[in-house]
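Hello,

Here is the structure we discussed handing over. My notes on what was found follow below it.

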Amino acid sequence: MDCIQRRGRLLQLHKSLVESLELGVLEKEADNTELRLRTRDDNRKGQNMVLNPVISKLSGKLVVLASASPRRLEILTNIGLRFEVVPSWFKETLDKTLFKMPYEYAVETAKQKALEVAQRMPFKHLKTPDIVIGADTVVTVDGLILEKPVDKQDAYHMLSRLSGKEHSVYTGVAIVLCHERQEGGTEFKVVDFYEETKVKFAELSEEMLWEYINSGEPMDKAGGYGIQALGGMLVEYVKGDFLNVVGFPLNHFCKQLEMIYNSPLKSPSHKMKREDSVGTDGPCSPVNSLSKVTENGEVSNFNSSDSAGQTPVSEQNVVGPECAKCNNQGFPHKIVDLLDGFKASKTLFTACKLGVFDVLSDSEGLTVEEVADKIKASVLGTERLLEAAVSLELLHKHKVEDKIMYRNTEQASRFLVLDSPLSLCGYILHCNDLVWPLFTHLESAVREGTNQYERAFGKKTENLFQDGYFRKDDIKMRFMNAMHSVAKVTGKDVATAFDLSSFKTACDVGGCTGAMAYEFTKAHPGLSVVVFDLPPVVEMRSHFQPKEQDDRVSFIAGDFFKDELPKADLYILSRILHDWSDDKVHELLSKLSKACTPGCAVLLAETVLDEAKPWASRAYMQSLNMLVQTEGRERSSTHYRQLLENHGFSQMRVSHTRNFLDAILAFKQ
């Protein structure tokens, strides 16, 4: 059946469905009260009744829709609202793992879209809007946010997941009210809310799924369907606002406008003062609610759990000075922080190497003299080191009677004490002894595009691992300690990033001490893991065995470039591909592809380059680290997708864990 015939058949089916829906009544359940959603004409009349009193108040105001969605444009046009469309430039790539609930992600994205337009227009469009409307719609099922499918197979998996199930559609909406202040600059008041609609899919046959997928409609829609078009035939019922599923909760929006103009919101608001770098010639960057602004105007990150009590409707005031004058005479805090950054790192390295956190771990506090005696250092130097550690929030300082005492912070006790289960000491000492000397030659690495091992340590390496890390037992142990500590801290997040219940056997390629493998067996009781690494590594495994033995983890010695890989359903590669050039990565992926049968998968744990991540700079610093150390590099999710697809792996999924390593899962075709 060709495309025209297929689409014609689907349109006929959809027409019948729409006719039956328009004649029927859709039920909405909210707070145990049954509401009725009547036909679209009735809805428009009702919504116009709500909005009409507000329209006169919007007369003469510049209203802007920060979205290029034709569906949102149509919905707002149909109620007689006059507005301009200025699509937002904000990249919709916020890390979903930062949000406890899917609607928080949708609201934050909507807010960032609207703020970006509100802050850009005075400079790019030479006019300040009065109101900017931003919206973002997401589909969620089984706790997952379904985005636009990347290909037909991805669309198939999405729709199969929705088949026969009730799922939620959330739309987050942000209304930014812009006010030019007499003293200069613009004040932005942000009102945001969300709407949830429940949608139940019928049980979908394979034929129906593929008919719909082959129509092409799923490819540009979140969740892989459009309820207002052919996708309506897949829907068994809707509970809630139908237009919310289309892309904009009109009824809720109208009520919010009425509240804004007729009864001022009682929700708490706060002022946020923006300060940008000296000499900026563009619009201020969007205010991200993942940051809090302190009284002195400095921005610091906070965990999304801080806003767990957020109500469905919230109001914030965002104050931004004119960007052409932003901070012209201000102090360059960020630049000075970067200037001093190496001092902070070296303070941490030195405190770890001297055992400061270890000697403080067994007491409620020690004096400078007591610490100096235990670490065998001068009182003068110890005092300055401890004071610096206090300023970095690594230590607490308190007074007991007439004595000044120092003790570990909670994080220091957890991550900086050598025998702590999640100790990062191994990695910190690796950074001090290996990475620090290499980074002193960063200029040469940038000019030459090569690692700096020979300059830093006076020895040329043909193979970094054989000639560098494993040439002496003490150096090998230091390297393995570093990898072990990172795997202990990040292992759980990587192991639980995806549902791996369908896999029974795994091979941790280059798995080093087995720390990652043990985290996988903890998270997945039905999984057994073989750690495959070089003989010098495997022979040292006894130094890192966990107290509780797990016979589901075993070790095999071998070279993953030269030797045959153990058979497995799932191949795990943690911090492996970033060590190597693209040519070597292709060589290894080709080998993995041959070892995999259809349905097998690879799971990569790497630092994924993604400039939209709030902590993106860490990934780019790690990429510089690979330049000075190896022939490898960190890569973007797009780069990984290309590499994997070249070797027959598809349906790639990325999980940003907000830990050292992100996780990527892809299946063999």
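**Notes on the model**

Valine 117 lies in helix 4 (residues 102–124); helices (H or I, at least four residues) and strands (E, at least two) are DSSP runs, numbered from the N terminus. The model is a predicted one, in which local features need pLDDT of at least 70 and side-chain atom pairs count only at pLDDT 80 or more, while totals for chains, interfaces and linings use all residues. Residues are numbered from 1 along each chain as its sequence is written, and side-chain values use heavy atoms, with hydrogens and water left out.

Valine 117 is buried, at a relative accessible area of 0%. The classes are buried under 20% relative accessible area, exposed over 50% and partly exposed in between, with a 1.4 Å probe and protein chains only. Leaving aside residues up to four places away in sequence, valine 117 touches Val64, Ala66, Val86, Pro87, Ser88 and Val132; a contact means heavy atoms within 4.5 Å. Serine 67 is 50 residues from valine 117 in sequence, and their C-alpha atoms are 9.7 Å apart.

**Confidence**

The protein chain averages a pLDDT of 80, and 79% of the residues score at least 70; pLDDT is the predictor's confidence in each residue, from 0 to 100. Over residues 13–51 the pLDDT is below 50, and this stretch has 49 contacts in the model beyond near neighbours in sequence. Residues 264–329 also stay under 50 in pLDDT, with 143 contacts beyond four places in sequence. Where pLDDT is low, the predicted coordinates should not be read in detail.

**Salt bridges**

Side chains of opposite charge can pair when their charged atoms come close. The criterion here is a side-chain nitrogen of Lys or Arg within 4 Å of a carboxyl oxygen of Asp or Glu. Searching the whole structure gives 18 salt bridges.

One of them joins glutamate 236 and lysine 200, with N to O at 3.3 Å. This pair links distant parts of the chain, 36 residues apart: glutamate 236 is in strand 9 (residues 235–239) and lysine 200 in strand 8 (residues 186–201). Glutamate 236 is partly exposed at 48% relative accessibility, whereas lysine 200 is buried at 17%.

Helix 18 takes part in two further pairs. Arginine 478 forms a salt bridge with aspartate 433, their closest N and O atoms being 3.9 Å apart. Arginine 478 sits in helix 18 (residues 473–495) and aspartate 433 in helix 14 (residues 425–439), 45 residues apart. Arginine 478 is partly exposed, with a relative accessible area of 24%.

The other pair is glutamate 539 with lysine 476, at 3.4 Å from N to O. Glutamate 539 is exposed at 55%, while lysine 476 is buried at 3% relative accessibility.

Glu108, Lys111 and Asp192 are linked in a network of salt bridges.

Strand 20 (residues 601–606) has six of its six residues buried, so it is largely enclosed by the rest of the structure. In a regular strand the side chains alternate between the two faces of the sheet. Here both faces are covered: Ala601, Leu603 and Ala605 are buried on one side, and Val602, Leu604 and Glu606 on the other.

Strand 20 pairs in the parallel sense with strand 19 (residues 570–574) over five bridges; pairing requires at least two DSSP bridges between two strands. Isoleucine 572 has leucine 603 as its bridge partner in strand 20. On the antiparallel side, six bridges join strand 20 to strand 22 (residues 662–668), and valine 602 stands opposite alanine 666 in strand 22.

**Backbone exceptions**

Most residues other than glycine have a negative phi, and most peptide bonds are trans. Cysteine 512 has a positive phi of about 55 degrees. Cysteine 512 is in the loop between strand 16 (505–509) and helix 19 (515–523) and is buried at 10% relative accessibility. Arginine 658 has a positive phi of about 60 degrees. Its place is the loop between strand 21 (649–655) and strand 22, and arginine 658 is partly exposed at 32%.

Regards
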